[in-house]
Amino acid sequence: MADLLNTAQKRTVLGHPAVLYSDRTIAIVIWRQDSVVPDDAALLSVAEKVLPTIPGWGNG
């Protein structure tokens, strides 16, 4: 997926391979009121809190 998105960055989140894409999308609706794209650190923080709550998720 990182190869398809110009600004995507390959990352590791909680021991799993991930792609960080903080540009605007239609499918992922995390918007700021000032119309600026989400902060990368904020997206990673949300992912680190939400992903472990998904049934079947395990730390890599």
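I take helices (H or I, at least four residues) and strands (E, at least two) as DSSP runs, numbered from the N terminus. By that reading, I place Leu14 in the loop between strand 1 and strand 2.

Before going further I note that this is a predicted model, in which local features need pLDDT of at least 70 and side-chain atom pairs count only at pLDDT 80 or more, while totals for chains, interfaces and linings use all residues. Residues are numbered from 1 along each chain as its sequence is written, and side-chain values use heavy atoms, with hydrogens and water left out.

Entry on the overall layout. I looked up the elements of the protein chain and found one helix and two strands, in the order β-β-α from the N terminus on.

I find strand 1 (residues 9-13) and strand 2 (residues 16-20) running antiparallel and joined by five bridges; two strands count as paired if DSSP finds at least two bridges between them. Going through the partners, I noted that Arg11 is bridged to Ala18 in strand 2, and that Lys10 has Val19 as its bridge partner there.

For comparison, most residues other than glycine have a negative phi. I also record Leu14 as partly exposed, because its relative accessibility is 28% and the class lies between buried (under 20% relative accessible area) and exposed (over 50%), with a 1.4 Å probe and protein chains only.

Of the 60 residues of the protein chain, 13% count as buried.

Entry on contacts. Taking contact to mean heavy atoms within 4.5 Å, I find that 35% of the contacts between residues at least 6 apart in sequence join residues at least 24 apart.

Entry on Ile54. I located Ile54 in the segment after helix 1 (40-50), and I class Ile54 as partly exposed because its relative accessibility is 40%.
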